[in-house]
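Subject: Structure for you to look at, with notes

Dear colleague,

I am passing on the structure below, together with some notes on what I found in it. Please read them with the coordinates open beside you.

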Amino acid sequence: MVMMSGGVDSSVAAALLQQAGRDVVGVTMKLWGGPSDTGCCAVSDVDDARRVADRLGIEHHVFNFGDDFERDVVGPYVEDHAAGRTPNPCIECNRHLKFDRLLRRADALGFATVATGHHARVVVTADGPRLGRGADAAKDQSYVLHVLDQDVLGRLVLPLGAMTKADVRALAADLDLRTAHKPESQDVCFITNEHGRETFLGDRIPLRRGRVVDQEGVEVGSVPAIEMVTIGQRKRLGLAGGTDPRYVVDVDTATSTVTVGEKADLTVDHTPLESWTWIGRPVDGEVMLQCSAHGVAEPGRVVDGRVEWTTGHRKIAPGQSVVAYVDDLVLGGGTATS
Amino acid sequence: MGSDRGALEIYLDHAASTPVRPEASEAWLAASATHHANPTGAHKAARDARRALDDARDLVADALGRPPAEVVFTSGGSEADNLAIRGVLGSRGGIAVCSAGEHHAVLEPVEHAGGATVRLDAGGQVTPAALAEVLDRLDDVSVVSLIAVNNETGAVNDLPALAATVREHAPGALVHTDAVQAVSWIDLAAATEDVDLVSITGHKLGGPIGTGALFVRAGVTLDAQILGGGQERGRRAGTPDVAGAVAFAAAVTVTVERRPAEVARLGAMRDRLIAGLQESLGDVVTATVARPDDYTTVAAGVAHIMLADVEAEALLFLLDQEGVRASAASSCSSGAQDPSHVLAAMGIDREVAEGSLRLSLGWSSTDADIDAALEIIPRAVTHLRAHGGG
């Protein structure tokens with residue numbers, strides 16, 4: 001089973017597997033019934049996936065996991081924002097939908113392996129299968145896939161791991177796939193450009209005005225919706241000009257208070273974690289830790305439920321994932337807390 | 001997995017669309033070869049086409065026991081439903097009422113216009129009491145739309161009793177029925193004697209997809225939804241599809257002629273299918289509304305069942321691999337299975353509804369289809385139940 005989102009990557013993944021003589025069935029998940037302009041779930045994306053499958057001569061099916069998506073991704077996304085956290089819904093979708101719900105469906109239907117068009121690799125090591133970075137550093141998606149355990153990795157095929165995005169597009173064009181020049185989808189699939197995140201959240205939870213205070217507690221500005229504020233933010237805080245740039249260093253939804261400080265106030269020597277999972281054996285020593293999808297990994301150790309940074313690190317918004325690497329292999333990951 | 005290994009097709013999705021009857025395809029081929037002219041023209045070729053169109057209109061009208069002037073040919077059920085609801089609202093204003101278990105082609109126009117819905121009972125039917133309750137709390141109801149035979153469950157509404165309820169509780173309102181599933185299964189002429197507007201479609205009875213009609217009782221005025229050259233007495237503009245109408249009429253005629261015999265034949269097959277599934281799967285299977293030998297309150301050709309601990313979407317995939325074509329709730333435009341609003345309107349829990357399967361029979365169904373289904377379906381259900389339900 002190859003998961004086809006309707007984008008160029010999964011189109012080419014399906015094509016490569018078919019060329020390799022695999023018996024391939026394409027599956028697109030319908031996750032979101034509301035408006036969408038960038039994501040995986042729009043009818044036009046399903047059309048693209050189906051027409052690519054038609055072109056390749058493979059079967060294509062659509063599975064509706066809308067209820068699961070609402071429960072496991074959209075609901076927690078809204079709750080996280082309400083609690084002043086900064087969630088990454090794509091990681092939760094990978095965790096709960098692509099690599100759990102759909103995998104269980106694949107099991108039940110008798111599929112031995114599952115493939116996706118992610119830019120990452122499955123590397124076989126003495127410690128079992130490991131997730132590795134994709135060859136195209138700019139497109140590497142290992143960060144958002146760090147939630148995969150070795151059971152999943154053992155059944156996962158990532159045909160694009162050794163390719164660059166340019167390779168993928170060139171192959172798609174060679175094969176005359178209609179998705180060859182389709183733009184990337186990068187935003188959250190259930191939030192439209194037209195209405196934005198604030199409208200989406202405002203339809204589901206009350207958005208509360210927040211006070212903006214400095215380190216001494218003096219009120220210096222305000223925000224219309226504290227649920228929209230994230231650590232490190234420096235714009236839309238209602239601050240008077242004329243000072244050095246000030247950044248959000250703390251968000252307290254209980255008192256509707258945003259604290260701002262100077263850039264130096266954002267630097268921390270450790271980051272608390274609320275969960276951490278090693279893939280395989282725990283690692284004691286220094287590892288490289290990455291805190292956003294395409295961020296730079298920095299050295300530190302994971303001990304006693306927190307990251308101890310080797311040289312200090314910019315504060316991480318609660319809810320963001322921290323992923324540990326050695327060389328290009330994912331060792332484990334967890335979620336930052338406050 | 002992957003390639004469709006079943007060369008044989010066991011088609012159990014006639015309620016979605018049934019194969020075109022040979023009588024209809026022969027009629028279509030002959031008419032399309034003969035009638036090349038626009039039937040609204042004045043010359044001989046046009047007059048010939050016009051005659052073929054009006055002959056088709058006579059046949060369709062006869063089959064439903066109505067005058068030919070009442071027949072407005074449409075592109076199918078959805079257009080007929082929209083013309084009925086929106087046409088009445090446009091012409092008279094007021095409020096539209098329908099059941100909560102209507103096909104979306106009725107539900108959407110009613111809800112779009114801010115109308116009201118009537119709940120279904122546990123058997124999937126609208127009761128006169130539930131209808132009266134809604135009508136009594138509304139002023140100015142202009143149209144009440146109640147499906148004749150439900151497309152998912154096969155439940156048959158008691159249209160004469162419901163029409164009488166409308167006359168009593170909303171005397172000014174028109175009564176419409178979406179009868180696209182009904183022609184094969186009930187005496188629609190008798191059931192709709194007191195109904196003002198009736199939608200039917202070709203592809204549920206062996207006519208071509210893209211054909212259908214709305215019957216509009218004499219004296220009822222509608223706002224046309226397609227404006228143009230004034231065809232169909234100003235009720236539906238556009239060059240009439242002569243060959244389509246001829247084929248549709250042939251299919252309607254054959255369907256109505258053979259209905260009593262087909263109800264007995266297919267009803268017995270449906271009963272054997274449900275009984276056989278219950279025998280092999282036990283209480284995993286519940287017939288949602290059908291009871292053996294009852295072909296008047298539930299359409300004879302519809303076996304709607306609910307399977308405990310099985311996800312219909314996964315089951316449909318496995319059945320498809322074995323050549324069994326079936327469906328669950330209504331499919332959305334992407335091809336995924338959407339949760340059923342009909343089962344929800346009956347008060348059936350959403351999780352239970354996820355195990356719903358509609359097996360529907362039609363004119364080309366054979367005993368061999370039932371034999372194959374009774375072999376394949378229990379095997380697939382048992383497999384899925386052993387693998388977490390899918």
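This is a predicted model: local features need pLDDT of at least 70, side-chain atom pairs count only at pLDDT 80 or more; totals for chains, interfaces and linings use all residues.

Asp293(B) deserves a look because, with 9 C-beta neighbours inside 10 Å, it counts as exposed, and its phi is positive, at about 65 degrees, although the residue is not a glycine. Arg233(B) is another non-glycine residue with a positive phi, here of about 55 degrees. Arg233(B) sits in the loop that runs between β8 (212–216) and α8 (242–281) of chain B, and it is exposed, with 12 other C-beta atoms within 10 Å.

Turning to chain B as a whole, there are twelve helices and twelve strands. The radius of gyration of chain B is 21 Å, close to the 21 Å that the globule rule gives for 390 residues, so chain B is as compact as a globular protein of that length. Its C-alpha trace spans about 65 × 55 × 35 Å along the principal axes, and 54% of the 390 residues of chain B count as buried. Of the contacts in chain B with a separation of 6 or more, 71% are between residues 24 or more positions apart.

Where chain B meets chain A, the contact involves 17 residues from chain B and 18 residues from chain A. On the side of chain B, helix α9 (residues 312–321) supplies the largest share, four residues, and by class that side consists of six nonpolar, nine polar and two charged residues.

Ten of the twelve residues of α1(A) are buried, so the helix is largely enclosed by the rest of the structure; among them are Val8(A), Asp9(A), Leu16(A) and Leu17(A). The elements that cover these buried residues include β2 (25–30), α2 (43–56) and α6 (165–174) of chain A. Just after α1(A) comes Gly21(A), with a positive phi of about 85 degrees.

The domain assignment divides chain A into domain 1 (2–117 + 159–174), domain 2 (207–261) and domain 3 (265–336). The C-alpha centres of domain 2 and domain 3 of chain A are 26 Å apart, and the contact between them takes seven residues from domain 2 and six residues from domain 3. On the side of domain 2 of chain A that touches domain 3, the residues are three nonpolar, four polar and no charged.

With best wishes

Conventions:
Residues are numbered from 1 along each chain as its sequence is written. Chains are lettered from A and ligands numbered from 1 in the order in which they are written. Helices (H or I, at least four residues) and strands (E, at least two) are DSSP runs, numbered from the N terminus. The radius of gyration is taken over C-alpha atoms; the globule rule is 2.2 Å times the number of residues to the power 0.38. A residue is buried if 20 or more other C-beta atoms lie within 10 Å of its own, exposed if 12 or fewer, and partly exposed in between; C-beta atoms are placed from the backbone. Two residues are in contact if their C-beta atoms, placed from the backbone, lie within 7 Å. Ala, Val, Leu, Ile, Met, Phe, Trp, Tyr, Cys and Pro count as nonpolar, Asp, Glu, Lys and Arg as charged, and the others, Gly among them, as polar. Domain bounds come from an automatic or database domain assignment.
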